[in-house]
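Open your viewer and get ready to click along with this short tour. Each stop tells you what to select and what you will find there.

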Amino acid sequence: MASTFMNWIKSPAAREYFFSTHFWGPIANWGLPLAAIADLSKDEDVISGTMTTALMSYSMVFMRFAWRVQPRNYLLFACHATNATAQSIQEARFVKYWYMGGREEKLGASGQIAEAASDAKGKVTQAVEEAKKAAK
């Protein structure tokens, strides 16, 4: 197997492949999944649900393209499969945080107290403003 691969590497077909867009396009595209993987460790409150959905959809479309193009571009397919997977995980984190109680769980009691204090401050400020208007 190794000798077959080494023979292919030395062939004109290998040079043609390594100097084609079939190789360099996916290599350049790997920035997307690498960034998505790096973002998996960031806080959920900075995830954009809209952008995550768009990137996940984009990668699914290009996975199909990479599979349908002749000859098949396995490197591009792997790149977009990795990105679609990472974006799907991000989307699940986003939904859990904003719509399934993850935010409240993360904030805990201290976060609820801070939110209540902020709401109270806003109501007091509004009442003072209304009192000032009524006094005039």
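Which helix gives the most to the nonpolar patch? Select helix H5, residues 49-68, which contributes 4 residues. Helices here are DSSP runs (H or I, at least four residues), numbered from the N terminus. Before you go on, note that this is a predicted model, where local features need pLDDT of at least 70, side-chain atom pairs count only at pLDDT 80 or more, and totals for chains, interfaces and linings use all residues. Residues are numbered from 1 along each chain as its sequence is written, and side-chain values use heavy atoms, with hydrogens and water left out.

**The patch**

Now show Leu 32, Tyr 58, Val 61, Phe 62 and Phe 65 as a surface: they make a nonpolar patch of about 410 Å². Patch members have over 30% relative accessible area and no salt bridge, and nonpolar side chains (Val, Leu, Ile, Met, Phe, Trp, Tyr) are joined within 5 Å, like charges within 9 Å. A salt bridge would be a side-chain nitrogen of Lys or Arg within 4 Å of a carboxyl oxygen of Asp or Glu. The areas come from the Shrake-Rupley method with a 1.4 Å probe, and for residues only the protein chains shown count as cover.

**The rings**

Stay on Tyr 58, which lies in helix H5. At 30% relative accessibility, Tyr 58 counts as partly exposed, a class between buried (under 20%) and exposed (over 50%). Phe 62 is also partly exposed, at 31%.

The whole structure holds 6 aromatic pairs. Tyr 58 and Phe 62 form a tilted one, 5.0 Å centre to centre with 50 degrees between the planes. Rings of Phe, Tyr and Trp (its six-membered ring) pair if their centres lie within 6.5 Å; planes under 30 degrees apart are stacked, over 60 edge-to-face and the rest tilted.

**The pocket**

Finally, select Asp 39, Thr 52, Leu 55, Gln 87 and Gln 90, which lie nearest the centre of the largest pocket among its 13 lining residues. The space there is about 190 Å³. On a 1 Å grid over the protein atoms alone, a pocket is an open set of points where a 1.4 Å probe fits, with protein on both sides within 12 Å along at least five of seven lines; lining residues have an atom within 4 Å of a point. Volume is the space filled by probe spheres set on the points, which are joined across faces, edges and corners. Helix H4 (31-39) supplies the largest share of the lining, 4 residues.

Methods
Helix = DSSP H or I, 4+ residues; strand = E, 2+ residues; numbered from the N terminus. Buried < 20%, exposed > 50% of the residue type's maximum accessible area, 1.4 Å probe, protein only.
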